[in-house]
Amino acid sequence: VTLECGTLVWCAGIKPHNFIKDFGLPMNERGTQILVDGTLRAKGETDIYALGDCATIDGYWLPQTAQVANQQAQYLAKHLNATTAGDFEFKSKGMMAYLG
């Protein structure tokens, strides 16, 4: 799959880089994540999308895990290629913990 884009922002870990705030997009109440709608489009924008740790769906909180980000990436690729309709819906495949 190839996605042509003008700017690509990559965030790793559970805390987005401070420059996410500098974009001037609507943020969550803590000012740490870009607010997006159900299609992962930044609130109030037409061609800006965000996913993973740097974004949160308004009214639909999800954990900041690779499982969520992976599903969002797959959804967004299909959405941008017009092969899916409707809002993103997370399907949990379970959680894993490491003890010891």
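**A walk from a salt bridge to a helix**

Let's start at Asp58, which counts as partly exposed at 44% relative accessibility. On this scale, buried means under 20% relative accessible area, exposed means over 50%, and partly exposed is what lies in between (1.4 Å probe, protein chains only). Before going on, note that this is a predicted model, in which local features need pLDDT of at least 70 and side-chain atom pairs count only at pLDDT 80 or more, while totals for chains, interfaces and linings use all residues. Residues are numbered from 1 along each chain as its sequence is written, and side-chain values use heavy atoms, with hydrogens and water left out.

Which residue pairs with Asp58 in a salt bridge? The partner is Lys43, and the closest N and O atoms of the two are 3.5 Å apart. A salt bridge here is a side-chain nitrogen of Lys or Arg within 4 Å of a carboxyl oxygen of Asp or Glu, and the structure holds 1 of them. Asp58 sits in the loop between β2 (55–57) and α1 (66–80), and Lys43 in the loop between β1 (34–36) and β2, so the pair ties together parts that are 15 residues apart in sequence. These helices (H or I, at least four residues) and strands (E, at least two) are DSSP runs, numbered from the N terminus.

Now let's turn to the core. In soluble globular proteins, nonpolar side chains tend to be buried together. A nonpolar core is a set of buried Ala, Val, Leu, Ile, Met, Phe, Trp, Tyr and Cys residues joined through side-chain atoms within 4.5 Å. The largest one here has 17 residues, and among those that touch the most other members are Ile34, Leu40, Ile57 and Phe88. β1, β2 and α1 each give two or more residues to this core, and α1 gives the most, with 3.

Helix α1 has 15 residues and reaches 21 Å from its first C-alpha to its last, close to the 21 Å expected; that expected span is 1.5 Å times one less than the number of residues. Its buried residues, including Val68, Gln72 and Leu76, pack against β2. Take a closer look at Gln72, which lies in α1 and is buried at 5% relative accessibility. Not counting residues up to four places away in sequence, Gln72 has contacts (heavy atoms within 4.5 Å) with Leu40, Leu51, Gly52, Ile57, Leu62 and Phe88. After α1 comes Ala82, whose phi is positive, near 55°.
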